[in-house]
Amino acid sequence: MNTTDAPDTPIVVDRLVKRFGAFKAVDGVSFRIGRGEIVGFLGPNGAGKSTTIRMLCGLLRPSDGRARVAGFDVGRDPERVREHIGYMSQKFSLYADLTVAENLRFFGGIYRVPPAVFAERMRFVIDMAGLAGRENALVSTLAGGWKQRLALGCAILHQPPILFLDEPTSGVDPESRRRFWDLIHNLSADGVAVLVSTHYMDEAEYCDRIALIDRGKLIAFDTPAALKRNFPGGDLLVIECDALGAAIGALETAPRVHDVAAFGNTLHVLVEDRAAAIAALQPYLAGKGVTVTRIEPIAPTFEDIFVQLVGRKEAA
Amino acid sequence: MRIRRLLAMATKETRQIWRDPRSLLIALLMPFMQMALLGYGVSLDIKHLPVCTFDREASQNSQALLKRFQASEYFQIVKVAGTYRQVTTALDHSDCRMAIIVPPDFTERLSDTGASSVQAIVDGTDTNTANIAIGYAQAVIGAFAANVQLQATAYQGRPLQVLQPVALQSRVWFNEDLESRNFIIPGVIALVMALVGAQLTSLTISREWERGTMELLISTPVTPMEVMLGKLVPYFVIGMLDATFCLAVSVLWFGVPFRGTLATLFLATALFLIVVLGIGYLISVNIRSQVGAAQMGVLVTLLPTSLLSGFAFPIDQMPVAIQGITYVVFARYYITALRALFLKGSGVLDLAAPLAAMVVYAAVIAFLAARAFHKTLD
């Protein structure tokens, strides 16, 4: 991949702010993304993920703060930024009334991919997306996974050193999501810096680093392992029992229990000390008429981490 | 601006037009239907005006007079009334537009005093038709009167003499037969071009917004100028094809004489197209919904073109303030040029004024359109 012209830190975000009237959609976000790094942008809907990505693509003008993408200021020089990025928007935005090949030719022309290279690039993208034999199919007739891989293909046709992917896997089946992440890893191996937003917490595992954002503020920016290691607020237990509702009520008022949350038909309980809690909680719940079938420590998921980080912010 | 990107835009746009039944319908079928509808439907000539007669004398003389009405191609006697009530009913029901009533003493007064009168009652709801009908009726009566006088002098044994001391010998230039179709059809071409042009482009930008493709498009290095030209060039080609088609229909089907040069016609048409396509594009940039854009397109092109361009209502008959407004209506220049080209065979130099106005207009619109589109979601 042609990434020689990208600086060592292709994405530098410095106290970026976006206001829509009185509402601060993005509120002083700062981070850096290096070459070949995959950063997962996690947060609930409306947290400011898309707004941040759109500012970095030069689609929205920052209200305050600065960001440099490929060495160019996104507020002052958005056109230069656009030459160095590939973008997949949240909503599917290829031309549904054109065929696969026509879409690729269009973006090849728009990005001025040299004609000598274009045939090879088109072959590469079609193979990558698994679209061989469907070159002349109208995009509107493709299934979700193909559409999404074609959109990625159109975004990387011109071999940009930086990729912005806004919820690329939403509405796509798990098999296609898996395959999509493999493609992103291949790009990263070639040195492409990737900022990818998602609301699938499990996808955080595929990223080199995670940026957690909530209500416009960046609340954590670290590797998945470090985020789990530094899980805030104590130890996490999983409890399986009958009478789930009664158990939640009982645990919320139990001593040295910070938080209770239902995960399917199990409970995740945040406690001060795991050994003491395991010993104490079983008899405590039995006393409330709840029979515990399983109680043991569990590694936090990103959902736990997110809930905890957001909760702590709210308390503060 | 890069030719490669411009070509990519234009190719994409052409493919989309080709695959969108609605665009194709507007581009190809609408000019055909409008030419047919307006070419046949709009006529300012009055022929076979329905007339009711009430002959209260019922003499050879009065019948001879009414026969002249019957014989004229301008009138058609649809009802012979026997009472005044029948005359009023026929007018009330719009069975006829005019009633000719011969008084019971028509011949008597003619021979006694040498002068008599015939009553015409005209339905004045359509003033234009009423005026023309009165004119035609006077002509018919005048011819009859001249004949009566001629016969009278012949009876008296006096030599036949010229009855009118001064006579007007009129000759009509450019539209020799005063066929209103020759006057209307060039205007219809302008109307069709205005409507089709603005309809086509008013949707191009709003379509990208509505389908969500705009967000990706503006994340690429494509420039606003490339977007504009890439989108307008295909429609310009379609517009010129439509113009050629309209011209062919006018000349070959409706038989309107075309006396100018094709080069001047295409120059004027190209300028006009730049204006309407540019206006459609401006609308499209500013109104993000397709429905809203289409409605606005009709509002700013069709209405002024049909009402204030001189298409049907002569500009020099309008109040001065309204005349002032017509200078802003770009279609008036095109219609002026088209009529002169078709009927007078005017050349570029004769049309310098309207062409210059169109050049200025096209330049202003192109300038505004080029600056209108911003690559931002803000």
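1. Two strands pair if DSSP finds at least two bridges between them. Strands (E, at least two residues) and helices (H or I, at least four) are DSSP runs, numbered from the N terminus. In chain A, β12 is joined to β13 (residues 266–271) by 6 bridges, and the two run antiparallel. One bridge links A:V257 to A:V271 in β13(A).

2. A word on the basis. This is a predicted model, where local features need pLDDT of at least 70 and side-chain atom pairs count only at pLDDT 80 or more, while totals for chains, interfaces and linings use all residues. Residues are numbered from 1 along each chain as its sequence is written, chains are lettered from A and ligands numbered from 1 in the order in which they are written, and side-chain values use heavy atoms, with hydrogens and water left out.

3. Now the sheet around that pair. It is open, has 4 strands in the order β12-β13-β11-β14 (chain A), and its pairing is antiparallel. β12 (257–263) and β14 (292–297) of chain A each have a single partner strand, so one side of each lacks a neighbour in the sheet. Neighbouring strands are turned by 20° against each other on average, direction ignored.

4. Helix α9 (residues 274–287) of chain A packs on this sheet and touches β11 (235–241), β12, β13 and β14 of chain A. Contact means heavy atoms within 4.5 Å. The direction of α9(A) makes about 165° with that of β14(A). Axes are lines fitted to C-alpha atoms, for helices over the stretch in contact; angles run from 0 to 180 degrees between N-to-C directions.

5. Chain A has another open sheet, with 6 strands in the order β6-β7-β8-β3-β9-β10 and mixed pairing. β6 (85–88) and β10 (217–222) of chain A are its edge strands. Inside it, β3 (residues 38–42) and β8 (residues 193–198) of chain A pair in the parallel sense over 5 bridges. A:I38 has A:V194 as its bridge partner in β8(A).

6. Which residue counts make up the contact between the chains? Chain B gives 26 residues and chain A gives 33. The buried area (accessible area, 1.4 Å probe, lost on being put together, summed over both parts) is about 2700 Å², with 55% from carbon and sulfur atoms.

7. The interface of chain B and chain A holds 6 salt bridges. Each is a side-chain nitrogen of Lys or Arg within 4 Å of a carboxyl oxygen of Asp or Glu. One of them joins A:R54 to B:E215, with the closest N and O atoms 2.8 Å apart. On the side of chain B that touches chain A, α1(B) gives the most, with 8 residues.

Methods
Buried area = accessible area lost by both parts, 1.4 Å probe.
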